[in-house]
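I want to go through the aromatic rings and then the strand pairing.

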Amino acid sequence: MAVPGGVLRPLPLLLLLLGLARGVEFTVKNSNNTACIMANLSANFSVTYEARSGPKTVTFELPATAKVLDSNSSCGKENASDPILTIAFRGHTLALSFTRNATRYGVQLLRFGYSLSDSEYFPNASSNGSELVDFKMDIKADIDKKYRCVSDMQVHGRNVTLTLQNTTLQAYLHNGSFSEAESHCQQDTPSPTPAPPAPPSTSSPSPPPRPESPSVSRYNVSNNNETCLLASMGLQLNVTYVLRDNTTVTRVFNINPNKTTFSGLCEAQLVTLELHSSERNTVLTLQFGTNASASQYFLQGVKLNTVLPDAREPAFAATNNSLRALQATLGNSYKCNSEERVRVTPAFSLSIFRVWVQAFRVKDDKFGSVEECPLDQDSMLIPIAVGGALAGLVLIVLIAYLIGRKRSHAGYQTI
């Protein structure tokens with residue numbers, strides 16, 4: 001997904017106001033011919049597949065001819081099934097599954113099905129089979145409000161990158177049409193503007209002390225008794241937000257392993273570690289990707305959802321899926337004793353302490369050969385340089401002493 005907390009980009013908004021950036025419209029109706037789901041969106045697909053000449057990547061857009069697949073779409077039944085919108089085009093499908101609670105609804109799962117037999121989209125494919133790819137989404141809106149996101153939302157799955165653009169959608173419709181009220185995505189929210197500094201006051205409260213370094217904990221992700229991720233690290237959240245009195249603060253929170261559970265997902269080109277902390281209802285997701293041509297893996301995506309009770313808007317979310325941190329060779333582990341800070345968005349950065357991690361190609365549940373981080377290598381140069389300087393100084397003093405002693409003896413020779 002696009003980076004939350006970023007500045008609202010003027011060009012897509014201008015196109016929207018001019019009516020030039022409209023996507024394809026889709027509507028799901030119930031047995032009374034009343035709309036229960038409406039959507040207007042554009043989508044881009046980037047798919048890597050096996051061609052006869054080797055791996056190939058193609059890109060294509062959701063065409064204007066795409067239609068609702070009625071046989072796989074439904075308004076859902078209370079306590080039995082959830083609403084689903086399935087879009088069909090050229091034998092491919094894109095399905096959005098909706099869920100709700102008492103106050104909000106959203107899309108947490110998006111499924112893309114594509115057929116390699118489509119020779120126009122997938123020329124010279126080595127097979128004509130079909131593939132299904134699931135994406136975890138974070139689309140949420142208040143009940144009786146439409147969801148609106150002008151910014152691009154990019155998600156990654158197995159061999160597929162999907163980008164939703166200029167999205168408007170709403171489920172659980174009551175009047176058969178879009179509501180006037182809107183819930184906006186985090187990506188469209190402008191970055192907080194720092195408030196002017198308050199005049200100095202002896203009674204002003206001092207900022208809360210920075211917490212100590214976080215406790216290091218061990219995490220692992222497995223699938224079918226095969227481990228795809230080993231990690232040992234301490235995690236610290238650095239969050240900038242606006243208080244109720246419109247002042248901007250930066251707070252630091254540690255992830256407490258004793259109050260945290262974790263889960264994950266192993267895929268061919270993506271490994272996901274998801275941490276659930278009971279403190280502030282925090283969910284921190286780390287995704288590791290690969291660069292097959294360079295035989296490397298790296299921290300590709302970080303996503304944070306948490307609650308800040310003293311914030312003007314307590315629900316805080318941040319996502320970045322285009323990172324390149326904690327990078328090492330496939331089959332090796334990455335280790336760093338120094339603190340590494342990963343800037344996720346202007347409002348959120350993740351500090352990682354004493355990290356030892358390996359994604360993909362984990363053998364016998366043990367870390368592979370270690371690749372040390374540049375920070376540790378630089379820190380080793382300092383004592384070496386200091387030691388070398390001291391040794392040089394001692395040598396100079398010793399030479400000066402010997403020269404002085406020789407001259408002293410020369411002044412007392414026997415006549």
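Serine 42 stands opposite glutamine 165 in S11. I'm keeping in mind that this is a predicted model.

**Entry 1: strand S11 and its partners**

I followed S11 through its pairings. S2 and S11 run antiparallel to each other, joined over 10 bridges. Next I checked strand S9 (residues 146-149), which pairs with S11 in the antiparallel sense over 3 bridges. There, cysteine 149 faces threonine 167 of S11. Strand S10 (residues 153-157) also pairs with S11, antiparallel again, over 5 bridges. In that pairing I noted glutamine 154, whose bridge partner in S11 is threonine 163.

I also looked at the turn. The hairpin of S10 and S11 has 2 residues between the strands, and asparagine 159 takes a positive phi near 65° in it.

How many residues of strand S11 are buried? I get 10 of the 12 in residues 160-171, so the strand is largely enclosed by the rest of the structure.

**Entry 2: the open sheet**

I then traced an open sheet of 5 strands, and its order reads S4-S5-S6-S7-S8 with antiparallel pairing. Which strands stand at the edges? Strand S4 (67-68) and S8 do; each has a single partner strand, so one side of each has no neighbour in the sheet. Inside the order I looked at strand S5 (residues 84-89) and strand S6 (residues 92-100), which pair in the antiparallel sense over 6 bridges. Phenylalanine 89 sits opposite histidine 92 in S6.

**Entry 3: aromatic pairs**

I searched the whole structure for aromatic pairs and got 12. I took the rings of phenylalanine 45 and phenylalanine 60 first: their centres are 5.3 Å apart and their planes at 25°, so this pair is stacked. I checked where the two sit: phenylalanine 45 is in strand S2 (residues 35-51) and phenylalanine 60 in strand S3 (residues 54-61), so the pair links distant parts of the chain, 15 residues apart. Are they buried or exposed? Phenylalanine 45 is buried, at a relative accessible area of 2%, and phenylalanine 60 is buried too, at 8%.

Phenylalanine 60 also pairs with tyrosine 121, and I logged that as stacked, with 4.2 Å centre to centre and 15° between the planes. Tyrosine 121 lies in the loop between strand S7 (104-115) and strand S8 (130-142) while phenylalanine 60 lies in strand S3, so the pair ties together parts that are 61 residues apart in sequence. For tyrosine 121 I read 13% relative accessibility, so it counts as buried, the cut-off being under 20%.

**Entry 4: charges over rings**

I noted a second case at tyrosine 172, where the charged end of arginine 100 sits over the ring, 5.0 Å from its centre.

Notes. Residues numbered from 1 in each chain as written. Predicted model: local features only at pLDDT ≥ 70, side-chain atom pairs only at ≥ 80, totals over all residues. Heavy atoms only, no water. Phe/Tyr/Trp six-rings, centres within 6.5 Å; stacked < 30°, edge-to-face > 60°. Helix = DSSP H or I, 4+ residues; strand = E, 2+ residues; numbered from the N terminus. Buried < 20%, exposed > 50% of the residue type's maximum accessible area, 1.4 Å probe, protein only. Lys NZ or Arg CZ within 6 Å of the ring centre and 35° of its normal. Pairing = 2+ DSSP bridges.
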